[in-house]
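Good morning, colleagues. I would like to take you through the strand pairing, the charged contacts and the aromatic contacts of one model. Please look at the sequence and the structure first.

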Amino acid sequence: MISKYQVYINNIINIFIGIICSLIAWWIIFHLLGPKLKIRDKITIRTTDGSHRLKIENVGFRGLVNWTCSARFEFKSTTSNLWKYVNIPTNINWEPHLSAGNNRIIVFRPELIKEKTSNPFEQKIADHFGDKKISFHDLFNYKEQSRLRFSLHGYDAFSGAARVFEHVYKVSDITDIGQ
């Protein structure tokens with residue numbers, strides 16, 4: 001005959017095991033099987049047109065939906081310990097889907113900084129370079145401490161969970177590829 005206390009102990013153990021198994025299943029579904037992006041370590045420059053390009057690949061098991069990317073140059077202020085930034089336009093503002101196993105090429109457009117902007121620091125950068133076409137090398141050489149921060153924000157196609165992927169580049173991360 002099973003005693004009343006044995007039933008209570010069995011129920012407590014079963015609840016504890018159920019919670020542990022649920023957490024393990026949640027971690028596998030949302031972290032192990034979710035979309036994973038491989039963002040290249042180098043930004044390449046095509047010598048034919050001078051465009052700055054970055055390849056991203058979805059090497060995960062599920063797609064990424066409703067994704068956007070942004071790039072911004074960050075400059076260390078000489079007067080304070082703050083970082084100021086300039087948004088760099090790209091060829092992709094919004095994409096509906098990036099399937100598992102597929103890739104995209106992001107083309108940076110630093111020459112479009114000169115368009116009308118509400119950011120006073122961006123306007124200062126545009127005024128500094130005047131009519132000259134702005135390149136990444138110009139921006140990296142504008143201040144001693146500078147970096148490019150690339151961010152991609154999207155949602156897991158299965159669960160709808162938000163994902164953010166980031167990579168920071170220095171001037172040494174820019175290479176020429178020829179074509």
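Let me begin with a definition: a residue is called buried under 20% relative accessible area, exposed over 50%, and partly exposed in between, with a 1.4 Å probe and protein chains only. By that criterion aspartate 156 is buried because its relative accessible area is 1%.

The model is predicted, so local features need pLDDT of at least 70 and side-chain atom pairs count only at pLDDT 80 or more, whereas totals for chains, interfaces and linings use all residues. Residues are numbered from 1 along each chain as its sequence is written, and side-chain values use heavy atoms, with hydrogens and water left out.

I turn to the strands. Helices (H or I, at least four residues) and strands (E, at least two) are DSSP runs, numbered from the N terminus. Two strands pair if DSSP finds at least two bridges between them. Which strands pair with β4? Strand β6 (residues 95-98) pairs with β4 in the antiparallel sense over three bridges, and leucine 64 has leucine 98 as its bridge partner in β6. β4 and β8 run antiparallel and are joined by ten bridges; here cysteine 69 has leucine 152 in β8 as its bridge partner. Strand β5 (residues 83-88) is also antiparallel to β4, with six bridges between the two. Arginine 72 is bridged to asparagine 87 in β5, and six residues separate β4 from β5 in the hairpin that they form.

Next, the charged side chains. A salt bridge is a side-chain nitrogen of Lys or Arg within 4 Å of a carboxyl oxygen of Asp or Glu. How many salt bridges does a search of the whole structure find? The search finds nine.

One of them joins lysine 42 and aspartate 173, at 4.0 Å from N to O. Lysine 42 lies in the loop between β1 (37-39) and β2 (43-46), and aspartate 173 in the loop between β9 (162-169) and β10 (174-178), so this pair ties together parts that are 131 residues apart in sequence. Lysine 42 is partly exposed at 39% relative accessibility, while aspartate 173 is buried at 16%.

Another salt bridge links arginine 147 to glutamate 74, with 2.5 Å between the closest N and O atoms. Arginine 147 belongs to strand β8 and glutamate 74 to strand β4 (residues 64-76), so the contact ties together parts 73 residues apart in sequence. Glutamate 74 is buried, at 3%, whereas arginine 147 is partly exposed, at 22%.

Aspartate 156, with which I began, forms a salt bridge with arginine 163, the closest N and O atoms being 3.9 Å apart. Arginine 163 is buried, with a relative accessible area of 15%.

Two arginines also meet aromatic rings. A charge sits over a ring if NZ of Lys or CZ of Arg is within 6 Å of the ring centre and within 35 degrees of the ring normal. The charged end of arginine 147 sits over the ring of tryptophan 83, 3.7 Å from its centre. For arginine 72 the ring is that of tyrosine 85, and the distance to its centre is 4.4 Å.
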